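Thanks for coming. I have one structure to go through today, and I will keep it short. Please put it on the screen.

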Amino acid sequence: IYKQSYFEVIASCSVMDLPAGEVNAVIGAAYQKDEIVDTPGEATLARNVWGSSAAGITQGEDKTTAVYAELQVPLLEDLFLVNFLDLDLSARYTDVDSFGDDTTFKVGLNWALTEEVRVRASRGTSFRSPALFELYLADQTSFLGQRSVDPCINWAQNLENGSVTDTVAANCSADDIPGDYAGGAISATVVTGGGAGVLSAETSVSRTVGIVYTPDFADVSFSVDWFDIEINGEVTQLGAGNIVARCYGSEFFSIDPLCNQFDRDPADLRITEVRDSFINIASQINRGLDIEFSYNLDVGPGTLNFYTQHTVQLESKRALFEDTVIDTNGEFGDPKRVANYTLSYALDNLRLNWNVNYIGAVSNVDSYFDRVGRSTGRYRGEDLFVTLRSDSVSYHNVSAVYTIEDMDLEITAGIANLLDKEPPRVTTLNLGELNTEGNSAFYSQYDGLGRRFFINTSYTF
């Protein structure tokens with residue numbers, strides 16, 4: 001059960017007149033209270049289900065107060081190469097009970113060189129305090145087989161056939177694990193929980209620079225924006241397998257913080273417990289281009305519109321800790337290119353839409369081969385099963401929107417995933433053999449629901 005109470009008051013006014021126009025201002029204040037109570041079933045709560053997960057009651061609350069102000073300042077107008085030049089300033093002070101307080105800001109510049117060409121730029125900061133679930137998740141347990149979590153199983157043989165790197169083998173040996181260690185028979189227990197009292201807020205800095213072109217000769221708009229976003233202290237879970245694998249793959253094995261997040265049984269050497277609670281990681285960086293194009297044309301009694309929006313990701317990196325950078329650009333869940341295409345035709349109160357959602361090709365080949373040392377040419381290994389690549393995917397959707405103006409009513413009906421396209425079958429590597437049978441990419445960008453019909457109504461009063 002989530003509960004949220006929210007109150008906000010906003011005032012806007014004209015502050016003063018400048019030669020280029022009015023200085024407009026907005027001030028506001030907000031208060032928000034969030035509560036969560038998540039109670040598992042009786043058997044799970046009593047930890048009375050053999051071989052299955054167990055969990056406690058997740059319960060907590062947080063309060064947030066904020067005050068903010070925004071200014072729009074017209075600096076210049078009607079000059080050579082300055083049709084107009086506006087400055088936007090905003091600042092916000094936020095106090096969160098679970099985190100503390102911070103001040104964020106944004107500065108934006110909107111410069112129209114001519115009536116057709118405009119340049120825009122901004123720089124801003126923000127922060128996100130951990131969510132209630134991330135803070136107060138009660139400890140819960142699950143289980144993972146030893147072969148899914150322990151890279152030190154048969155590490156000597158796997159070093160020969162290329163399934164592990166020299167670093168992993170050296171660290172397993174340094175941990176007094178024999179090269180022919182066969183692994184434990186009992187699954188590892190994975191414990192996850194919230195980070196109240198430990199987690200800090202995520203902070204970010206974003207920068208954008210773009211250009212907009214709206215020519216006179218046609219009803220056309222084109223824009224390109226470069227973005228650079230850096231998040232520090234991202235709140236995340238690493239996954240039990242990642243925690244152990246990155247510990248033994250670390251160049252700083254003896255002092256790597258991840259190596260304190262799991263335990264081994266001193267008798268049979270099996271991994272007994274992995275602690276995979278929410279933590280703050282060092283940073284995340286995203287850089288790329290946003291491209292938009294719109295074109296309107298009168299066709300017959302109505303208007304045809306074509307609109308497309310592309311994002312080209314140039315860089316996507318995450319650092320779990322200092323000097324541990326992972327580049328995921330172009331991998332599953334993080335494609336280099338995504339796009340939306342929309343073609344619509346409007347006639348009186350009716351609008352017909354055709355939308356295509358495009359997800360670019362992805363591949364985990366390079367990162368996987370780098371991680372397990374395939375650059376040496378060794379690629380065959382035992383118990384090797386890893387997702388490698390997928391071609392680009394496009395989803396088609398159609399809809400019709402009808403507006404009844406006298407009733408202020410809008411009705412939308414359509415079909416999503418018109419061609420009933422399944423998630424892509426991914427190429428995998430199993431015992432050195434390439435395989436595409438029976439494997440789907442379970443990532444949120446892909447549609448796993450298939451063709452479906454929908455109808456929506458909207459009433460304005």
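I will take a sheet, a surface patch and a single residue, in that order. Keep in mind that this is a predicted model.

The sheet, then. It is open and has five strands, running in the order β3-β8-β9-β14-β13, with mixed pairing. Which strands stand at the edges? They are β3, residues 54-55, and β13, residues 262-264; each has a single partner strand, so one side of each is left without a neighbour in the sheet. For β13, there is an antiparallel pairing with β14, residues 271-275, over three bridges. If you want a specific pair to look at, take Arg-264, whose bridge partner in β14 is Ile-271.

Next, the surface. There is a nonpolar patch made of Val-15, Met-16, Leu-71, Leu-89, Phe-105 and Val-107, and together these residues have about 450 Å² of accessible area. Two strands, β1 (2-18) and β6 (100-112), each supply at least two of the patch residues. Val-107 is in β6. How exposed is Val-107? Its relative accessible area is 34%, so Val-107 counts as partly exposed.

Last, the single residue, Asn-355. It sits in strand β20, which covers residues 350-359. What does its side chain make a polar contact with? The partner is the side chain of Thr-342, at 3.1 Å. Leaving out residues up to four places away in sequence, Asn-355 touches Asn-340, Tyr-341 and Thr-342, and also Tyr-395, His-396 and Asn-397.

Key:
Residues numbered from 1 in each chain as written. Predicted model: local features only at pLDDT ≥ 70, side-chain atom pairs only at ≥ 80, totals over all residues. Heavy atoms only, no water. Helix = DSSP H or I, 4+ residues; strand = E, 2+ residues; numbered from the N terminus. Polar contact = N/O pair within 3.5 Å; in protein donor to acceptor, adjacent residues only side chain to side chain. Contact = heavy atoms within 4.5 Å. Pairing = 2+ DSSP bridges. Patch = residues over 30% accessible without salt bridge, like charges linked within 9 Å, V, L, I, M, F, W, Y side chains within 5 Å. Areas by Shrake-Rupley, 256 points an atom, 1.4 Å probe, with all protein chains shown as cover. Salt bridge = Lys/Arg side-chain N within 4 Å of Asp/Glu carboxyl O. Buried < 20%, exposed > 50% of the residue type's maximum accessible area, 1.4 Å probe, protein only.
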